[in-house]
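The sequence and structure come first.

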Amino acid sequence: MSVNKLALIRYKTIDHFLRQRHRKWTLEDLMVKIADALYEYEGITSGVSKRTVQGDIQFMRSNKLAYNAPIVVIDRKYYTYADPNYSINNSPMTDADLGKMKDAVDFLKYMNGFAHFEEMSDLIVRLESNLSKSEGNKKVAIQLESNKLLKGLEWITAIHKAIRDEIPLLISYKSFKSKAETQQVYFPYLLKEYRNRWFLVCKPKKGTVLITLALDRILEIEEMAKAGFVPYEGIDFERYFEDTIGVSKTSRDRGQRVILEIDANNAPYVETKPIHPSQQILSKKEDGSIIIRIDVVLNFELEREILGFGENIKVLSPPRLKNFIKRRLEKSLANYENNNC
């Protein structure tokens with residue numbers, strides 16, 4: 001059975017508040033909350049009738065969408081879930097749902113052959129893997145990288161909404177280097193993922209330059225008045241990180257020509273998996289080593305990428321980067337030479 005968007009908003013709103021056990025919810029309370037949600041998401045100002053909410057509750061109690069919600073009435077007035085752990089979000093997928101998901105995955109597979117969908121492969125694999133689990137397929141065909149201890153993911157939805165709707169955010173933040181948390185108003189512009197960590201590119205209300213905040217260092221987020229939002233002009237955020245490895249960058253940073261020599265053992269890996277999309281092979285030596293060029297911002301992530309190759313890579317230029325990597329390797333060597341253990 002198909003469900004329209006407005007009905008789904010009502011179901012999710014009812015579910016959200018019935019899961020909050022700190023207070024009792026009357027039918028009138030739920031009507032107010034649903035009206036607020038409809039206005040927030042769809043701009044609807046007419047509210048919702050008592051008959052509609054009563055029908056929604058009966059529908060959620062039924063098996064029509066496999067909700068079977070255990071909604072009970074206490075003292076003939078207050079609505080709640082008999083099972084405090086219940087949520088419609090935990091409802092199992094029906095056969096019809098699985099069929100629709102398969103159709104969607106097949107469509108994505110088809111579209112993946114077009115240029116604009118070249119990066120959909122990873123998403124398709126993840127969807128197929130989850131579908132197999134839902135169908136009870138116990139045979140593991142693929143294992144995807146994940147980090148269940150990763151922090152900060154709970155902020156993604158709120159930040160994405162703030163970026164989309166241009167809403168300033170009051171963010172409580174504590175970096176690894178600071179001893180105490182700070183609280184400032186930021187204008188959010190872009191969410192960026194790098195190596196399973198998420199970051200927010202934004203500008204402090206009292207600042208003039210873009211900064212990057214790690215979501216796993218955010219302690220609290222609060223929406224501010226939408227009228228106070230200030231767009232950032234002059235930057236195409238779709239291309240902001242094109243010349244960058246990682247996320248360490250300011251609006252003033254520009255990519256520089258970096259020349260690297262890769263030894264014969266690692267050359268095939270770098271050729272098949274470029275260090276950066278700008279990578280060009282300048283020459284191949286008789287011993288199998290290669291010299292490549294990348295045009296990137298000189299930042300912390302670039303240094304870590306180079307140091308990760310150990311003795312299998314050499315920085316040829318620029319001199320500043322070459323000398324910096326050399327000093328770091330010397331310090332690393334000193335750690336072993338001075339260790340008497």
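Pro70 counts as partly exposed, because its relative accessibility is 23%; buried means under 20% relative accessible area, exposed over 50%, and partly exposed in between, with a 1.4 Å probe and protein chains only. The model is predicted, so local features need pLDDT of at least 70 and side-chain atom pairs count only at pLDDT 80 or more, while totals for chains, interfaces and linings use all residues. Residues are numbered from 1 along each chain as its sequence is written, and side-chain values use heavy atoms, with hydrogens and water left out.

Pro70 lies in the loop between α3 and β1. Leaving out residues up to four places away in sequence, Pro70 touches Thr80, Tyr81, Ala82, Asp83 and Tyr86, where contact means heavy atoms within 4.5 Å. Pro84 is 14 residues from Pro70 along the chain, and their C-alpha atoms are separated by 9.5 Å.

Apart from neighbours within four places in sequence, Leu150 is in contact with Asn196 and Arg197. Leu150 and Arg197 are 47 residues apart in sequence, with 7.6 Å from C-alpha to C-alpha.

For the protein as a whole, the secondary structure comes to 9 helices and 11 strands. Helices (H or I, at least four residues) and strands (E, at least two) are DSSP runs, numbered from the N terminus. Of the 341 residues, 36% are buried. Among contacts between residues at least 6 apart in sequence, 54% join residues at least 24 apart.

Helix α1 (residues 5–18) has 14 residues, which at 1.5 Å a residue should span 20 Å, and its end C-alpha atoms are 20 Å apart, in agreement. The expected span is 1.5 Å times one less than the number of residues. Buried residues of α1 include Ala7, Ile9, Phe17 and Leu18. The buried residues of α1 pack against α2 (27–42), α3 (50–61), β1 (71–74) and β2 (78–81).

Axes are lines fitted to C-alpha atoms, for helices over the stretch in contact, and angles run from 0 to 180 degrees between N-to-C directions.

| Pair | Axis separation | Angle |
|---|---|---|
| α1 and α3 | 10 Å | about 80° |
| α2 and α3 | within 10 Å | roughly 100° |
| α8 and α9 | within 11 Å | roughly 60° |

Angles under 35 degrees count as roughly parallel, over 145 as roughly antiparallel, 65 to 115 as roughly perpendicular and the rest as oblique. With axes at about 80°, α1 is therefore roughly perpendicular to α3. Arg10, Tyr11, Ile14 and Asp15 of α1 meet Thr52, Val53, Asp56, Ile57, Phe59 and Met60 of α3. That contact divides into 6 nonpolar, 1 polar and 3 charged residues. Here Ala, Val, Leu, Ile, Met, Phe, Trp, Tyr, Cys and Pro count as nonpolar, Asp, Glu, Lys and Arg as charged, and the others, Gly among them, as polar.

The axes of α2 and α3 cross at roughly 100°, so α2 is roughly perpendicular to α3. In this pair, Leu27, Glu28, Leu30, Met31 and Ile34 of α2 meet Lys50, Val53, Gln54 and Ile57 of α3.

Helices α8 (residues 300–307) and α9 (residues 319–337) cross at roughly 60° and are therefore oblique to each other. Leu302, Glu303, Ile306 and Leu307 of α8 make the contact with Leu321, Phe324, Ile325, Arg328 and Leu329 of α9. The residues of this contact comprise 7 nonpolar, no polar and 2 charged.
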